[in-house]
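Look at the sequence and the model below.

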Amino acid sequence: MPHPQLRVTNQDREQVVEHVKAAYAEGRLDKHEMDERLHLAMTARTHADLVPIMNDLYGTRPAYVPRPPSYHAPAAPDGGDRVGAAASHLFGLLGLFIVGPLLMMVTAGRTSPYVRKHAVESLNFHLTVLGATVLLPITVVGLVLVPVVWVVGLALCIVGGVSALAGTEFRYPLTIRLVK
């Protein structure tokens, strides 16, 4: 853990926010406690400000371990997290475009911020594709574009799944992010 007086980055804050949201989803915090902790996390300036937010959630063991300041790559997720994240992308190939990522977000996403991030990204993409499928046929040009959108969407599902298996971040292009 870095020196407590070092300033935190936005990624450090987001990591704590994900843990607080997971604790709320598991029922370990009520709405007021979650709001208070989120406010403290988002206004934290140093690592010493973030540690108390996490200590009583996970006991005295250091559940929050920020990455060293000289190394800016996130810690590699374990194999189970990578497979779960890849599944949330690849469910689109099985026809479970919205249901698959939603199930992954609700189940495995409660315990793994990595799986949740990929499931949310996949869900937002599939909702965008669904919206395009509904709205594009209004015009003649749009009617021609619908099959192209679906083929590109399926290809991007594969790219997202491979990216998740490799342990890297992936963001779908031209996606409206409705779910956070």
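**A walk through the model**

Arg28 is partly exposed, with a relative accessible area of 37%; buried means under 20% relative accessible area, exposed over 50%, and partly exposed in between, computed with a 1.4 Å probe and protein chains only. Its partner in a salt bridge is Glu26, and the closest N and O atoms of the two are 3.0 Å apart. A salt bridge is a side-chain nitrogen of Lys or Arg within 4 Å of a carboxyl oxygen of Asp or Glu. Glu26 is also partly exposed, at 34%.

This is a predicted model, in which local features need pLDDT of at least 70, side-chain atom pairs count only at pLDDT 80 or more, and totals for chains, interfaces and linings use all residues. Residues are numbered from 1 along each chain as its sequence is written, and side-chain values use heavy atoms, with hydrogens and water left out.

The protein chain has 7 helices and 0 strands. Helices (H or I, at least four residues) and strands (E, at least two) are DSSP runs, numbered from the N terminus. Of the 180 residues in the chain, 36% count as buried.

The structure holds 5 salt bridges. One of them joins Lys31 and Asp35, with the closest N and O atoms 3.1 Å apart. Both residues lie in helix H2 (residues 31–43), 4 residues apart, which is about one turn of the helix.

Another salt bridge links the side chains of Arg177 and Glu121 (2.7 Å, N to O). Arg177 lies in the segment after H7 and Glu121 in helix H6, so the pair ties together parts that are 56 residues apart in sequence. Arg177 is partly exposed at 25% relative accessibility, whereas Glu121 is buried at 6%. Salt bridges with shared partners join Glu121, Arg171 and Arg177 into one network.

How do helices H5 and H6 run relative to each other? The axes of H5 (residues 99–106) and H6 (residues 113–135) come within 8 Å and cross at roughly 155°. Axes are lines fitted to C-alpha atoms, for helices over the stretch in contact, and angles run from 0 to 180 degrees between N-to-C directions. H5 and H6 are therefore roughly antiparallel to each other; angles under 35 degrees count as roughly parallel, over 145 as roughly antiparallel, 65 to 115 as roughly perpendicular and the rest as oblique.
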